[in-house]
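Dear colleague,

Please find the structure below, handed over for your records. My notes on it follow.

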Amino acid sequence: MTSVWRRHRRALVASAATLVVLAPLGWLWTSSLVPDTYSVMDMGYADFGGGPGSLEHAAENGRIEGAAIGHVAHGAGGVPSSADVRDVTTLTGPREGEPDVAITLTARQELVEVDGGRAIEGYTLNGSSPGPEIRAVQGDLVEVTLANESVDDGTTLHWHGVDVPNAEDGVAGVTQDAVGVGSEHVYRFVAEDAGTYWYHSHQVSHEQVRDGLFGVLVVEPRDGLGTGVTDVVAAVHSYDSQRTVNGRVGETRVDAEPGDVVRVRVINTDDGPMNTWVAGAPYRVVAVDGVDLSGPTDIEETALLVTAGGRADLELTVPDQGAVRIGAGGGATSLVIGPDDAAPPGTELPASTLDLLSYGEPEPLALDVDDVDRDFEYAIGRRPGFLDGRPGLWWTINGGMYPDVPMFVVSEGDVVRMTISNSSGQVHPMHLHGHHAVVLSRNGIDATGSPW
């Protein structure tokens with residue numbers, strides 16, 4: 001009898017222990033499920049950065065007791081009334097007027113022929129990858145018609161780094177619906193800022209961009225680049241580990257004569273940082289991410305780190321003898337500029353790297369960064385957990401996993417400061433859509449060079 005009871009007791013203890021383990025796991029699994037459809041306005045929680053709508057702001061203005069602030073996180077107060085709401089589809093570029101630049105881009109899911117490398121299954125625009133280069137002059141009205149011929153998941157076009165109205169931004173599920181097979185979408189915007197940009201899909205972008213759905217957008221200054229300046233694009237992209245410049249593996253050559261001044265627009269279309277440099281001549285970094293730098297100076301035997309999605313304009317003079325090589329992360333793939341018969345220098349990566357915090361000359365900013373309307377923290381991390389029922393090591397923002405993440409709320413005209421930190425152990429690129437930002441400091445060290 002005693003033996004039977006012991007067996008029953010052991011079974012009960014084992015069952016209880018199993019429940020103790022499985023019940024929390026079951027709750028975590030259930031609570032992590034994401035609905036098939038949802039509004040981005042319903043996800044996460046509102047963070048007002050201490051500005052209008054926040055508890056801190058209300059306390060400062062005598063509307064609540066300050067002691068209450070410590071007990072409640074940034075809440076959903078300050079949500080606009082229905083009379084203040086504007087439908088994102090109304091935030092468009094000019095609907096009328098003859099465009100200065102007009103092009104139709106047809107997206108296809110097909111074999112991509114990589115020049116000098118092996119073909120991959122991917123995506124093309126007008127039959128090629130990269131897609132056609134789009135060139136405009138500052139102030140031009142640009143009209144692009146995206147036609148989806150065979151991209152099964154649908155697609156969009158995002159104008160990376162360009163300040164466009166929200167409805168022209170091309171983010172599927174947020175600013176527009178994805179363009180399905182057999183459908184079209186027309187983008188219209190004024191190219192107000194000269195600079196080096198690019199465009200790419202923002203639907204299943206980790207796959208579609210990687211496998212070829214992108215192209216270059218250059219906006220030239222109204223007054224041009226100056227007499228005798230040769231304008232060259234170096235769009236770097238990896239197709240299944242095959243690094244290319246302008247779609248070609250290995251050396252890509254551009255003919256130029258000694259004494260020619262060349263502006264090289266380096267674009268990193270990959271999802272990780274990349275070093276670029278000039279071997280064979282001094283060079284200047286004249287623009288970063290579409291914005292000219294102030295007082296750039298000559299540098300030699302020094303690399304520049306170009307972040308994922310980032311751009312850097314390099315200016316150089318072709319030497320009297322030989323050619324120059326523009327490095328693209330290392331290895332044989334690079335851009336060579338000079339006479340056809342000139343031998344370029346080697347491909348070795350320089351030992352030193354330029355620090356943009358102290359490069360160039362400071363100049364006044366157009367905003368007062370010491371008197372901000374909103375002040376946000378954006379902490380990138382990773383932690384184990386469940387996401388949509390799947391266990392894993394997931395990205396977090398301010399300690400929360402998607403969709404429990406902050407929605408940063410601002411008002412038109414606000415000066416906004418954001419402190420971004422990353423404890424994830426991995427490089428993580430970030431960029432704003434529809435806005436430019438200026439770097440104030442890095443790891444506690446203030447920027448002292450050109451505004452960047």
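Strand E17 (residues 302–306) pairs with E21 in the parallel sense, over 2 bridges; strands here are DSSP runs (E, at least two residues), helices are runs of H or I of at least four residues, and both are numbered from the N terminus. Two strands pair if DSSP finds at least two bridges between them. In this pairing, Thr 302 stands opposite Ser 352 in E21.

This is a predicted model, in which local features need pLDDT of at least 70 and side-chain atom pairs count only at pLDDT 80 or more, while totals for chains, interfaces and linings use all residues. Residues are numbered from 1 along each chain as its sequence is written, and side-chain values use heavy atoms, with hydrogens and water left out.

E17 and E21 belong to an open sheet of 6 strands with mixed pairing, in the order E12-E20-E19-E14-E17-E21. Strands E12 (251–255) and E21 (352–353) stand at the edges with a single partner strand each, so one side of each has no neighbour in the sheet.

Phe 408 lies in strand E24 (residues 406–408). Its relative accessibility is 24%, so Phe 408 counts as partly exposed (buried is under 20% relative accessible area, exposed over 50%, partly exposed in between; 1.4 Å probe, protein chains only). Leaving aside residues up to four places away in sequence, Phe 408 touches Asp 47, Phe 376, Glu 377, Tyr 378 and Met 418, a contact being heavy atoms within 4.5 Å.

Overall, the chain has 3 helices and 27 strands, and 38% of its 452 residues count as buried.
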